[in-house]
Amino acid sequence: MGVLRTVGRGMIATLFLIAGVDVLRHPQPRAEVAHDTLERLRSAVRVVPDDVTAVRANAATQLVAATLLTFGKAPRAAAGVLAASLVPTTLAGHAFWTFDDPAQSAQQRAHFAKNLAILGGLILAALPPEEDG
C-alpha cells in the first residue's frame, strides 16, 4: 500500500506543480478570472492583495504543498493545504452557473467536476493510513 500511496500522491501533486509554475509565469489570465471573487472578498476582509499578487500567492502555496506531497514530507498537511486552496480556485474559476451559453456552461461544469474529483483524492491523501477502510 505504501508504494501506491506514494505514487498516487505524486500523481495528484503533478497537476498543482504544472499549474503553479504556469500561474507564476503568466498570472494575468487567472487574475482576470478571479477578479470578481477577489473583489467580493476584499469588501469583507480588506487585506486581500491585488489580483495578480493573490493568484501568484495561491500558486506559490500550491507549489510548496505539492512539492511536500510529492516527496512525502508532511503529506497529510500538504494534501490539506492543497484541498483548502482548491475550493476557492474551483468556485472562482469554474462557476458554470454564471454562463448563459450552454457550451461554456458545460465546459466549466466539467472542470468543476474534475476539481471535485481532485478534491476527493486530496481528502483521501490527507486521511491517516488506518482510515483507508
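At roughly what angle do the axes of α4 and α5 cross, and within what distance do they come? They cross at roughly 165° and come within 8 Å. Welcome to this predicted model, where local features need pLDDT of at least 70, side-chain atom pairs count only at pLDDT 80 or more, and totals for chains, interfaces and linings use all residues. Residues are numbered from 1 along each chain as its sequence is written, and side-chain values use heavy atoms, leaving out hydrogens and water.

**α4 with α5**

- Axes here are lines fitted to C-alpha atoms, for helices over the stretch in contact, with angles from 0 to 180 degrees between N-to-C directions.
- The crossing angle makes α4 roughly antiparallel to α5 (over 145 degrees; under 35 is roughly parallel, 65 to 115 roughly perpendicular, and the rest oblique).
- Residues of α4 in the contact (heavy atoms within 4.5 Å) include L82, L86 and L91, and those of α5 include F112, I118 and L122.
- By class, this contact of α4 with α5 has 12 nonpolar, 5 polar and 1 charged residues; Ala, Val, Leu, Ile, Met, Phe, Trp, Tyr, Cys and Pro count as nonpolar, Asp, Glu, Lys and Arg as charged, and the others, Gly among them, as polar.

**α1 and its partners**

- α1 and α3 pack at about 150°, with axes 8 Å apart, which makes α1 roughly antiparallel to α3.
- Among the residues that meet there are F16, L17 and L24 in α1 and V55, L63 and L69 in α3.
- The contact of α1 with α3 holds 12 nonpolar, 4 polar and 2 charged residues.
- α1 also packs with α5, at an angle of about 135° and with axes 11 Å apart; the two helices are therefore oblique to each other.
- The contact of α1 with α5 includes I12 and F16 of α1 and I118 and L122 of α5.

**The largest pocket**

- About 740 Å³ of space lies in the largest pocket (an open set of points on a 1 Å grid over the protein atoms alone where a 1.4 Å probe fits, with protein on both sides within 12 Å along at least five of seven lines).
- The pocket is lined by 29 residues, and R30, N58, Q62, S85 and T89 are the closest to its centre; a lining residue has an atom within 4 Å of a point.
- α3 gives the most to this lining, with 7 residues.
- By class, the lining has 16 nonpolar, 11 polar and 2 charged residues.

Methods: Grid points are joined across faces, edges and corners, and a volume is the space filled by probe spheres set on the points. Helices (H or I, at least four residues) and strands (E, at least two) are DSSP runs, numbered from the N terminus.
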